[in-house]
Amino acid sequence: MFSYERESRTPQSEAYVIENEQGSRARADLHFTPSIVYSTLCVPTDWSEDDIRDVIADLDDRIVRTADPFREDFVVTVWSGDELAVYSDEESLNDYVIAGAGPPGGPAERAE
């Protein structure tokens with residue numbers, strides 16, 4: 001059994017963090033066209049072929065078909081690897097504001 005936490009949604013796409021029963025995490029980005037749903041699925045390196053097929057089937061049953069029951073195809077590209085970090089411009093700017101330093105190269109960094 002997999003659990004899904006939606007991270008973002010637009011009129012044509014959705015992004016999910018997926019967790020299995022062992023707590024291992026994957027990510028799926030879904031892009032909906034009028035007839036085909038495309039997905040990029042990023043899974044941990046220790047997931048087997050059966051794990052991957054199981055999550056694709058579950059994703060199709062629980063999310064894709066509920067959004068578009070008349071789709072013609074579901075195309076999934078699978079990447080295997082580890083999450084290293086999440087980067088955000090907003091986070092970087094907040095760090096500068098909190099520290100009072102301003103953005104790199106700004107007056108606070110050049111002041112002596």
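Residues are numbered from 1 along each chain as its sequence is written. In this predicted model, local features need pLDDT of at least 70, side-chain atom pairs count only at pLDDT 80 or more, and totals for chains, interfaces and linings use all residues, while side-chain values use heavy atoms, with hydrogens and water left out.

The protein averages a pLDDT of 84, and 80% of the residues score at least 70. Here pLDDT is the predictor's confidence in each residue, from 0 to 100. Over residues 97-112 the pLDDT is below 50. Beyond near neighbours in sequence, this stretch has ten contacts in the model (contact means heavy atoms within 4.5 Å).

Helices (H or I, at least four residues) and strands (E, at least two) are DSSP runs, numbered from the N terminus. Two strands pair if DSSP finds at least two bridges between them. Strands S2 (13-19) and S3 (25-32) run antiparallel and are joined by seven bridges. Glu14 has Leu30 in S3 as its bridge partner. The two strands form a hairpin with five residues between them. In its turn, Gly23 has a positive phi of about 90°.

A hairpin of three connecting residues leads from S3 to S4. These strands pair in the antiparallel sense over six bridges. Phe32 stands opposite Val37 in S4. Side chains alternate along S3. Ala26, Ala28, Leu30 and Phe32 point to one face and are buried (under 20% relative accessible area, with exposed over 50% and partly exposed in between; 1.4 Å probe, protein chains only).

S4 (residues 36-43) and S5 (residues 73-80) run parallel, joined by eight bridges. Ser39 has Val76 in S5 as its bridge partner. With helix H1 (residues 49-67), S4 and S5 make a right-handed β-α-β unit. Right-handed means that, with the strands pointing away from the viewer, the path from the first strand over the helix to the second runs clockwise.

H1 has 19 residues. Its span from first C-alpha to last is 26 Å, close to the expected 27 Å (1.5 Å times one less than its number of residues). H1 bends by about 40° at Asp60, the angle between axes fitted to the seven residues ending there and the seven starting there. Asp60 is also one of the buried residues of H1, which include Ile52, Val55, Leu59 and Ile63. Their cover includes S1 (3-9), S2, S3, S4 and S5.
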